[in-house]
Amino acid sequence: MKPEVRFCTARDGVKLAYTVSGDGPPLVRAQHWFTHLEHDWNNPAVRPWTDLSKRYTLLRFDQRGTGLSDREVPEISLEAHVRDLEAVVDAARFERFALLGLSQGAAFAIAYTARHPERVSHLVICGGFEALEQMETLVKLIEQGWGSSDPSFRQVFATQFMPDASLAAVHAFNDLMPLTASARTAATIFKANSVLDVQAEARLIRCPTLVLHARGEMRIPFEEGRIIAGLIPGSRFVPLETRNHLMTEDEPAWRHFLEALAAFYPPAGAAPGADAFPALTGREREVLDLIAQGLDNAQIAARLDLSEKTVRNNITHIFDKLGVENRPQAIVLARDKGLGAH
């Protein structure tokens with residue numbers, strides 16, 4: 001069902017549209033460009049991100065100037081966006097939550113987390129960046145072709161955002177762009193994004209942080225993800241094997257993203273032991289669960305469609321992380337935390 005849209009008011013009077021959907025641990029998706037709460041849920045280009053509500057209680061909203069939020073706004077800046085994020089999470093009564101920053105939303109998520117460490121339990125950054133090149137050329141494209149009936153202008157953006165997506169997804173993304181904002185506002189947003197700098201805030205973050213970035217990204221270079229991960233103390237970095245800035249739900253990189261997110265911030269219905277063994281990856285937890293059921297390496301390999309060598313490597317890592325020396329010790333620990341039930 002289409003989620004119910006609600007509104008709250010930012011400090012400067014701007015009305016912000018937001019929605020809460022799903023069930024499970026709270027997850028806030030920081031605002032970013034190219035969203036429209038009325039269309040996101042059935043648009044194949046962006047629907048995977050709304051489907052996170054199948055795993056979490058998902059809070060998402062349209063940033064100022066876009067979607068169902070006020071289109072005419074007095075300010076578009078990092079400070080205004082952080083204040084908006086403050087207003088929305090307070091209106092939705094989210095007290096402590098995981099915060100997901102996608103693309104430009106990474107900057108807002110990092111700044112909010114640095115300023116409100118007591119509210120953010122986990123920080124997830126995917127496809128984040130510090131600045132954009134070729135800004136002037138792309139701004140001209142926005143101004144000339146954003147609302148045009150000829151989609152060739154917008155095709156430049158679609159090609160950068162999802163070069164390996166299906167034709168249907170590319171067309172859906174192309175159609176969504178002019179719905180999200182006017183050409184003037186889109187150009188203003190793009191200019192503001194090109195000067196975002198949250199390096200100082202990133203160094204202040206102390207909560208568990210997961211940084212993911214597409215290795216073959218055409219939109220935001222892979223090195224940008226490595227820079228962000230290097231700035232945030234103790235963060236985990238996960239490369240995603242795709243060229244798409246906006247991943248599609250049918251590509252392996254999207255499944256890898258979901259697995260990494262679930263291992264880092266277990267969703268509703270997560271396997272027993274997810275909280276008890278936070279150092280384990282999702283795959284390692286699956287292997288440990290099967291060990292606790294009494295399966296040998298060959299049986300585990302067959303069950304998970306892995307090679308026996310991969311299973312042995314996983315078990316070595318599990319033993320190291322749990323501080324055990326052998327299988328019986330691992331089984332005792334696992335069963336004590338609820339793993340191993342048939």
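**Figure 1. Packing of helix H11 against helix H13 in the predicted model.** In this predicted model, helix H11 (residues 282-292) and helix H13 (residues 308-322) have axes that come within 10 Å and cross at roughly 90 degrees. The two helices, H11 and H13, are therefore roughly perpendicular to each other. On the H11 side, the contact is formed by Arg283, Glu284, Val287, Leu288 and Ile291. H13 contributes Asn314, Ile315, His317, Ile318, Lys321 and Leu322. By class, the residues of the contact of H11 with H13 comprise six nonpolar, two polar and three charged.

**Figure 2. Packing of helix H12 against helix H13.** Helix H12 (residues 297-304) packs on H13 at an angle of about 110 degrees, and the axes are 9 Å apart. This angle makes H12 roughly perpendicular to H13. Asn297, Ala298, Ile300 and Ala301 form the H12 side of the contact, and Glu308, Val311, Arg312 and Ile315 form the H13 side. The contact of H12 with H13 contains five nonpolar residues, one polar residue and two charged residues. Ile315 of H13 takes part in this contact and is also listed in the contact of H13 with H11.

Figure 3. Ala330 lies in helix H14 (residues 327-336) and is buried, with a relative accessible area of 0%. Leaving aside neighbours within four places in sequence, the contacts of Ala330 are Leu288, Phe319 and Val324. Of these, Leu288 also belongs to the H11 side of the contact with H13. Between Ala330 and Ile315 the C-alpha to C-alpha distance is 9.6 Å, with a separation of 15 residues in sequence.

**Figure 4. The largest nonpolar core.** This core has 42 residues, of which Trp49, Leu52, Phe173, Leu212 and Phe257 touch the most other members. At least two residues of the core are supplied by each of strand S5 (97-102), strand S6 (120-126), helix H5 (152-161), helix H6 (167-180), helix H7 (183-193), strand S7 (209-214), strand S8 (236-240) and helix H10 (252-264). H10 provides the largest share, seven residues. Leu52 is in contact with Leu27, Leu58, Leu100, Phe257, Leu258 and Leu261, when neighbours within four places in sequence are left aside. A further core of 40 residues lies apart from the largest one and includes Ala107, Ala202, Ile228 and Ala229. In soluble globular proteins, nonpolar side chains tend to be buried together.

**Figure 5. Buried residues of helix H9 and their cover.** In helix H9 (residues 222-231), the buried residues are Phe222, Glu224, Gly225, Ile228, Ala229 and Leu231. Among the elements that cover these buried residues of H9 are helix H3 (105-115), S6, helix H8 (199-202), S7 and S8.

**Figure 6. Asp84, a buried residue in helix H2.** Asp84 is found in helix H2 (residues 78-91). With a relative accessibility of 0%, Asp84 counts as buried. Not counting residues up to four places away in sequence, Asp84 touches Ala10, Leu16, Gln31, Phe61 and Arg64.

**Figure 7. Two loop residues with positive phi.** Phe34 is not a glycine, yet has a positive phi of about 65 degrees. Phe34 is placed in the loop between strand S3 (26-29) and helix H1 (47-50), and it is buried, with a relative accessible area of 5%. Ser103, likewise a residue other than glycine, has a positive phi near 50 degrees. The place of Ser103 is in the loop between S5 and H3. Ser103 counts as buried at 16% relative accessibility, because the cut-off for buried is under 20%.

**Figure 8. Cysteines and the fold as a whole.** Cys8 is buried, with a relative accessible area of 8%, and Cys126 is buried as well, at 7%. The count of disulfides comes to zero. The protein has 14 helices and eight strands, and 56% of its 342 residues are buried. Among contacts between residues at least 6 apart in sequence, 72% join residues at least 24 apart.

Definitions and conventions: Residues are numbered from 1 along each chain as its sequence is written. This is a predicted model: local features need pLDDT of at least 70, side-chain atom pairs count only at pLDDT 80 or more; totals for chains, interfaces and linings use all residues. Side-chain values use heavy atoms; hydrogens and water are left out. A nonpolar core is a set of buried Ala, Val, Leu, Ile, Met, Phe, Trp, Tyr and Cys residues joined through side-chain atoms within 4.5 Å. Buried means under 20% relative accessible area, exposed over 50%, partly exposed in between (1.4 Å probe, protein chains only). Helices (H or I, at least four residues) and strands (E, at least two) are DSSP runs, numbered from the N terminus. Contact means heavy atoms within 4.5 Å. Axes are lines fitted to C-alpha atoms, for helices over the stretch in contact, and angles run from 0 to 180 degrees between N-to-C directions. Angles under 35 degrees count as roughly parallel, over 145 as roughly antiparallel, 65 to 115 as roughly perpendicular and the rest as oblique. Ala, Val, Leu, Ile, Met, Phe, Trp, Tyr, Cys and Pro count as nonpolar, Asp, Glu, Lys and Arg as charged, and the others, Gly among them, as polar. A disulfide is a pair of cysteine sulfur atoms within 2.5 Å.
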